[in-house]
Amino acid sequence: MEKLSYVGKSVSRKDGPVKVSGRAEYTVDISLPGMLCGKVLRSPHPHARIVHIDTSKAERLRGVKAIVTAKDSLQIKHGFVQTGRYPADQYPIAVDRVRHVGEEIAGVAATDEWIADEALSLIEVEYELLPAVFDPEEAMKPDAPEIHPSHPKVMESFKNVGGKTETSWGDVEKAFSQSYLVREDRFVSHLRTHAYMEPQAIVASYDHSGKLNVWVSSMGTFLKRAKLANTLGLPFGNVRILKTYVGGAFGGKVDLFNHEYIASLLSMKCRLPVKIVYSREEVFKGARHGQPLIVELKTGVARDGTILGQQVRTINNSGGYRGSGVVIIFLAWGFLMAPYKIPNLKYEGYSVYTNSLVRCPQRGHGAPQMRFAVDSQLDMIAEQLQMDPLEIRLKNGRRPGDILPNKDSAKNFGLVQCLEEVTRRTGFVEKHRKAEEEKKNGSKIKRGVGIGVCSYFGGSLIYPNSSSVIVKLNDDGSVSLITGAVDLGQGAETVLSQIVAEEMSVPMEDIQVYAADTETTTMDIGSWISGLTWVTGNAAKKAAEEAMGKLLQVAAEKLDADINDLEAKNKEIFVKHAPDMKISYKDAIALSIQKNKGDTVIGIGHFRTMKDEPNHPSLATTKGRWTENYSSYAQVAEVEVDTETGVMKVLNVTTAHDCGFPINPMLVEGQIDGQVSMAQGHVLYEEVLEDKGAVINPSFLEYKIPCALDMVKTDYIDVITEEYKKGKHYDTKEVGEGYVAGTIAAVANALYNATGVRLNQTPFYPHKILEGLRQIEKKTTPKSRH
Amino acid sequence: MRLPYFELFEPATVPELLTILKREQVRVLAGGTDIMPLMRFGLLQPAKLVSLRNLPELKGVERRGKALHIGATTTLAEIAGSPIIEKDAPLLHEAALAVAAPPIRNVATIGGNVFQNSRCLFYNQSAAWRRERQPCLKAGGEVCLAVPGSRKCFSVYQGDIAPALIAAGAKVRIEAKKKGGSREVPVEDLFTGRGVQPLSLRSGEMATHFVIPILQDTGSGYAKFRLRSAIDYPLAGAAAFVTARKGTIASARLVLSAAGPAPVIVPLDGVAAGKRSGEIDLDAIARAIPKNLPLVNNHILPASYRREMLSVFAKRAMKTALDRV
Amino acid sequence: MDKKSKRLITLTVNGQEYELATYPNRTLLEVLREDLSLKGAKEACEDGVCGACTVLLDGKPVRSCLLLAVEAQGGEITTIEGLSGNEKVHPIQQAFLDHGAVQCGYCTSGMVLTAKALLDANPKPSEEEVLTAISGNFCRCTGYNKIVKAISSVKTDREGGH
């Protein structure tokens, strides 16, 4: 393993000092002269025709500077997915119909928040109510109210189907007929939300030169710019998204949000800056939450536990518009087929419209839901075969070099090693067996352990499909790193600096990062699908290599040495066997300017995954190569259940992770901790409760994210399957999303191990656990109840 | 979200406060932890507030003879940290520590916690979101939204402090600027039993002190059920207080929180008194809980489960009290 | 609109006195952020639950979103900006940096101040005491693990707070 100075070290965050001293600037902190307070009028109805909007009273209110409705809009639709098969489907401000409670109908900009609120109350809207439907399976029935026509390529006569993913290989019926055991189960993952600490916020400022400057809490500036520009009818170059820090996103800030369009439109109308900030209630009632998913899973196995075939049907509740629903049904397939070998498969996924808030990706985007299903069922199968949970997973886990059904290579897939390490560290097999024995010993408090497994992929093609990075030398030898990457808290700026520091032998303090500005920084793939470290990281590496190459060339000439005999350290280049022969970067740059026609030493790097593939795989058929980067993990959770109340505590979670090569181990651990906490909320008590399409628990009091006293103890095991080598492309794998999934599955299995209660629907509320315990007492087989 | 405009009075003495209460239509502002969110949501829109901040007479814990006098604006942090209360009113000490989280306790007052509004998922939302829906009964409308068509409000009183005070036999001192304006009543008399207006004082009245009798040979326990380990209001709560004489139980009180629009005093006649603590049948205690508690599915866990947890936590509280006596 | 009247108030923030005119219905959080440009305290909820608005009032953590600005008079208010002043970073802030206790940073101001109040009162807290002290500050990024490690690692000077 190469000796590294910066990469692979738990270097302190670049943006740490400003954050810890309260000086980091978030969108809500932006203040501009003349800035107005913007607010959005939202539909109180889940499904209605807009008959008439009268803004005249509101317009007459003193202090109101602009009001916009659909008549001010170009009415160009947008969507999370915008392809030939799935064209944009939502107006950025409602035109003639609303399809969920909270849909945006009008915007006002006023001199203060009180006036803006009053203006909203003065806008008169006449609605014609339409019948509404909230359950996706109800929405598919022939007599369901139509929210949108079903997708024309969906052949079945289901209503309200926004999209379908369908794929198969082998012969699944034959596989079932040859199976020793076939199980069929249904799993339901509920509606929960990101609960990022920073609410949605935007400041839009349109000036008289026709330029729109935007500060916005978002996960990807270039995607946001494209969608804003398109819907507003502005050239991309006229829309500038400037950098702000982002207070967490977890997938919830990718989409173009209608209020962002509305803030921009208001500003364009009155030529003053407009700030819209959501209240927390508005985040719950108006923003986008995660994806509920039903998974119907039929699995056939051989006597020795080898999976012979799986048949899967998923149904996603996408809300009033497609949102990312058509993506999750595709991704769910990916999370199904990546960790374990499945020789025969039939998969169908439906994304269904309901009159609820539009859904969007939430950390894992299909992995939590799918792994919960697959790993719960695998444990059930193992029990029927009298195998232990580790054994059956070792049997089915993919090995390094496996070729996946979509022709991707699993490369250095470390799952087996993860399984072995995590079970060894936790004493899993012994604990599991012991808990089984103690189930019926009459004690009130029960403990149990369970395993969960996940594989995630990174950096797949999604607009803008590539990252570029510029490494610019300043003439004193310090470095400016220019990147479009957004730091949401995951540490993007730090990781990129580490890579550049390593490649260029420049200390971290001598690297300044200029990021996330569509005008002054380079295009970036965006901080989602966990691609940033890999895609932008490799781009940064290349940029640094190029810049370094120029410096080395100049040094080789000056020192009259072969370029391979040179070494760099601490902003100096010297001859390896004669270190007194050296040149500082400062002098090398000056020489470059002198000798190389004014070349000030700039390095430019680009990177794209799947460099020969024109596009991402088909969302409809899954055909197509996806990524070269599959991570894997195995997690063990230990839980404790109070059988008198049904209350479960997650005591600890141990994660063995194959994330390739951790650029910054401390940041990786932070990601694991945060995801375990998020998973804990998902399984125990986080749920967005809806009543006829309206969220009725829109606060942190009633939407229960874990507090410090609920903290889960965590432990980590690095399974390092890649290497970082200077001058070479590196493979690192994702760390931002996959650990939620494994934790949920592990807790589900641990609950069963502790109590014998098998729950197939999250959250595992205490009354559900108690109900399960009662049923066991009555000695009837616990069925999964929904 | 912004607070609506209001005028603020800041009296410096209790007589000044009482004059304002008599003269004006005002709401009282103590720690603000209950009233401020309600104002932000537009559920309360007082044009005038009167602050209790500058009234040192309403603060503090004092032993006077055989009773503890606790000023109504004493913060829960001060109560939780008071060695006098820990010794002479341990049930109150335990209940205070169970409330919310430390930063809230730094400003929340004992009076404010007792006088908190009842809660329901359908009520505790901003007025803006209900503009075109019917307001619920509690919000001034005609029907309950939690139980469609009902004309009864099912909001739940979720205070931790009041049940503890009631179980310990506490009284509240009330003052008003009028003839015969001073009175002292048991804390349970503050509750109307109606969700729409769960607490009442007569016009111009102000609760100034809580008075807790200091007794010997007591045991107590406060058991709170909530989903998270801090922050949350109780989904079920029980305060138990027993006294002993010559080795047997002399009196036993059990008061429930989150059991309806008011704390519920569980009638324990014959179940505990006269027995040794080890002989008391905890299941009988649980069976004494009224069967018809007005619980419906208007909180995060179903009513049937919460009803069951009231029994479980009543037993836990009582067991703790009996173990400690 | 009814007649509204402002008041002249004096707030002592980070050791400095500020005189300003404001309406009674403005919270301390709003005044700090909008009138004094001290933006470290954040608003992340509206019912005093999340803790992102935490400031110290006479050394104790309080929700500045639930405190009226006029009611904060007479007390010593400390915000995150007042923690390190012009010297180097405060030991608690350094501990947060060293232990990876900061990710998105939105909860950080409140969390650090709450930690300061804890360590001032209790220089060697147990893990349970740390968890209780920060139980009113939500963090969605870190799961709290590294925050607890950071706070527990701070070496304190017995002679006088920090």
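**Reading the core, sheets and contacts**

Guide: Start with one residue. Leaving aside its neighbours within four places in sequence, Leu165(B) is in contact with Leu92(B), Val114(B), Ala170(B), Val187(B), Phe210(B) and Ile212(B). Contact means that the C-beta atoms of two residues, placed from the backbone, lie within 7 Å. This is a predicted model: local features need pLDDT of at least 70, side-chain atom pairs count only at pLDDT 80 or more, and totals for chains, interfaces and linings use all residues. Residues are numbered from 1 along each chain as its sequence is written, while chains are lettered from A and ligands numbered from 1 in the order in which they are written.

Visitor: How many residues does the largest nonpolar core have?

Guide: In soluble globular proteins, nonpolar side chains tend to be buried together. Here the largest nonpolar core has 416 residues. Leu165(B) and Leu92(B) are among those with the most contacts inside it, as are Val500(A) and Leu751(A). Such a core is a set of buried Ala, Val, Leu, Ile, Met, Phe, Trp, Tyr and Cys residues joined through C-beta atoms within 7 Å. Buried means that 20 or more other C-beta atoms lie within 10 Å of the residue's own; exposed means 12 or fewer, and partly exposed is in between, with C-beta atoms placed from the backbone.

Visitor: Which domains does the assignment give for chain B?

Guide: Domain 1 (56–213) and domain 2 (218–324). The bounds come from an automatic or database domain assignment. The C-alpha centres of the two domains of chain B lie 19 Å apart. Their contact takes 34 residues from domain 1 and 26 residues from domain 2. On the domain 1 side, α5 (90–98) and α8 (161–167) of chain B each supply at least two residues. That side divides into 23 nonpolar, six polar and five charged residues. Ala, Val, Leu, Ile, Met, Phe, Trp, Tyr, Cys and Pro count as nonpolar, Asp, Glu, Lys and Arg as charged, and the others, Gly among them, as polar.

Visitor: How many residues of chain B are in contact with chain A?

Guide: 21 residues of chain B, in contact with 21 residues of chain A. The chain B side has 13 nonpolar, three polar and five charged residues. Chain C also touches chain A: that contact takes 40 residues from chain C and 43 residues from chain A. The largest share of the chain C side, four residues, comes from α3(C).

Visitor: Now a sheet. What is the strand order in the open sheet of chain A?

Guide: Five strands run in the order β7-β15-β14-β13-β8 (chain A), with mixed pairing. Strands (E, at least two residues) and helices (H or I, at least four) are DSSP runs, numbered from the N terminus. Two strands pair if DSSP finds at least two bridges between them. β7 (161–169) and β8 (181–189) of chain A each have a single partner strand, so one side of each is left without a neighbour in the sheet. β13 (residues 293–301) and β14 (residues 307–319) of chain A pair in the antiparallel sense over nine bridges. Leu293(A) has Asn316(A) as its bridge partner in β14(A).

Visitor: Which helix packs on β8 and β13 of chain A?

Guide: Helix α10 (residues 367–385) of chain A, whose direction makes about 145° with that of β8(A). Axes are lines fitted to C-alpha atoms, for helices over the stretch in contact, and angles run from 0 to 180 degrees between N-to-C directions.
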